[in-house]
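Please walk through this protein with the text below.

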Amino acid sequence: QNNNNQDGQEQRPIDQIFGALQSQNFNTQMEVITGRSPAQIRRCAMKVVYAIMADRTALYTLQKCSMESIARSVLTSASLGLDIDARCHAYLVTYWNKHKRCYEAQFMPDIGGIFILQKKV
């Protein structure tokens, strides 16, 4: 994995995460799965990035996770209509996947997010 940008400078982990969330492939998947517009998808991705930036511990642990697992968690969050943000409706939790031998991010709703999901049913 190349962590350098075009100028040869080291890319920050948050920039890597933001880049993965803004990729065309990710946005296409989000549109198909969630039915949301590109603007809504960008808003969702930005909320995740801001939530990660606000919590230095989350930034430190999420930089170890595969970009695929972060994208998958954001897709799950968006498809359920729960934001990963400061309102604490959902979190990205880091765990060690012993089968893949790498860290992965996993979507986890908070009790507030579960209440929101129950109201939708």
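A contact, or touch, here means heavy atoms within 4.5 Å. The model is predicted: local features need pLDDT of at least 70, side-chain atom pairs count only at pLDDT 80 or more, and totals for chains, interfaces and linings use all residues. Residues are numbered from 1 along each chain as its sequence is written, and side-chain values use heavy atoms, with hydrogens and water left out.

The protein has six helices and two strands; these are DSSP runs numbered from the N terminus, with helices (H or I) of at least four residues and strands (E) of at least two. Along the sequence the pattern reads α-α-α-α-α-β-β-α. Among contacts between residues at least 6 apart in sequence, 56% join residues at least 24 apart.

Of the 121 residues, 33% count as buried. Buried means under 20% relative accessible area, exposed over 50%, and partly exposed in between (1.4 Å probe, protein chains only). The protein exposes about 7,600 Å², and carbon and sulfur atoms supply 53% of that area; accessible areas come from the Shrake-Rupley method with a 1.4 Å probe, and for residues only the protein chains shown count as cover.

Next comes the interior. A nonpolar core is a set of buried Ala, Val, Leu, Ile, Met, Phe, Trp, Tyr and Cys residues joined through side-chain atoms within 4.5 Å. The largest one has 27 residues, of which Leu21, Met30, Ile52, Leu62, Ile70 and Val74 touch the most other members. Two or more residues each come from helices H1 (13–22), H2 (24–34), H3 (38–54), H4 (56–62) and H5 (67–80), and from strands E1 (90–97) and E2 (102–109). Leaving out residues up to four places away in sequence, Met30 touches Gly35, Ile41, Cys44, Val74, Leu75 and Ala78.

Val93 is found in strand E1 and is partly exposed, with a relative accessible area of 30%. With residues up to four places away in sequence again left out, Val93 touches Glu104, Ala105, Gln106 and Met108. Val93 and Ile70 are 23 residues apart in sequence and 9.6 Å apart in space, C-alpha to C-alpha.

Rings of Phe, Tyr and Trp (its six-membered ring) pair if their centres lie within 6.5 Å; planes under 30 degrees apart count as stacked, over 60 as edge-to-face and the rest as tilted. The count is one aromatic pair. The ring centres of Trp96 and Tyr103 are 5.0 Å apart and their planes are at 70°, so this pair is edge-to-face. Trp96 is partly exposed at 43%, and Tyr103 is partly exposed at 32%.
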